[in-house]
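I opened the model to look up its aromatic pairs.

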Amino acid sequence: MSAFVELGVTSNFSFLRGASEPEELVGQAKDLGLGGLGVADRNSVAGVVRAHAAAREIGLRLAVGARLVFDDGSTPDILAYPSDRASWGRLTRLLSLGKRRAEKGECLLGLPDLLDFIEGLNLIVLPPARIEARALGALLERLKKAAARQSVWVGASVLYRGDDARRLARLAKIARDHFVPLIATNDVLYHMPQRRILQDVVTCIREHVTIDGAGRRLEANAERHLKPPEEIERLFRHYPDAVAQTSRFLDRCRFSL
């Protein structure tokens, strides 16, 4: 098994966003030889039960968590994975708080809410496409101050926009400056490239547009699928520790359903 664990996985339980079922993602991860998988749906833990059952059946290590999406317009998405039973309870209470504030199907969360429930959570900050170093650094420092020691990471993905080398170098510098590890993820939306077509369709349904009129609402390519460890290692060849950090992160996620 590889040292690489894909932790940025969105299933189709992230309504009209993910395009693969939890069982498909778990099975593909096993087939590719990944060292494990982390399922984190959008402000939800709805997909983790089926993922857990599938992973247990085939012997794949699994971390269960949630992708926290904030409504303040400035805080980037954060993957939150509990380290134990108590922090799983805090995560689900956090999500319940956000859902009680909103209409059905929505969740309203702010960064202060996460800080109130942060104890025991392992966090991966997913920087937006446009990186604001000062804002990202301030967020990392705020999370580090509130969280347990060594429980905050900076997520890094290859976006295939032509500036990936410069972007990764910038993220690595920000991570070093704030003493936070860089961690690799492909920010997965489906289990194999062919499923990108379905992901485009559900995006159009969500955005109330046609395929012809969707434009930049659609993903720019079909790269947001589970990738073999060798491909991730090639993409992050200048940052091997970012790949190694994924298995260290999984070791810290000791909670199991």
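I count three aromatic pairs in the structure. A pair here means rings of Phe, Tyr or Trp (its six-membered ring) with centres within 6.5 Å; planes under 30 degrees apart are stacked, over 60 edge-to-face, the rest tilted.

Tyr81 and Phe249 pair edge-to-face, at 5.6 Å centre to centre and 85 degrees between the planes. This pair links distant parts of the chain: Tyr81 sits in strand β4 (residues 78–82) and Phe249 in helix α10 (residues 240–252), 168 residues apart. Helices (H or I, at least four residues) and strands (E, at least two) are DSSP runs, numbered from the N terminus.

The model is predicted: local features need pLDDT of at least 70, side-chain atom pairs count only at pLDDT 80 or more, and totals for chains, interfaces and linings use all residues. Residues are numbered from 1 along each chain as its sequence is written, and side-chain values use heavy atoms, with hydrogens and water left out.

I checked burial next. Tyr81 and Phe249 are both buried (under 20% relative accessible area; exposed is over 50%, partly exposed in between; 1.4 Å probe, protein chains only).

Trp153 also pairs edge-to-face with Phe249, at 4.7 Å centre to centre and 70 degrees between the planes. Trp153 lies in strand β6 (residues 152–156), 96 residues from Phe249. Trp153 counts as buried because its relative accessibility is 3%. Tyr81, Trp153 and Phe249 form one aromatic cluster.

Then I looked at helix α1 (residues 22–32). Its buried residues include Pro22, Leu25 and Val26. I noted that α1 is followed by Gly33, whose phi is positive, near 80 degrees.
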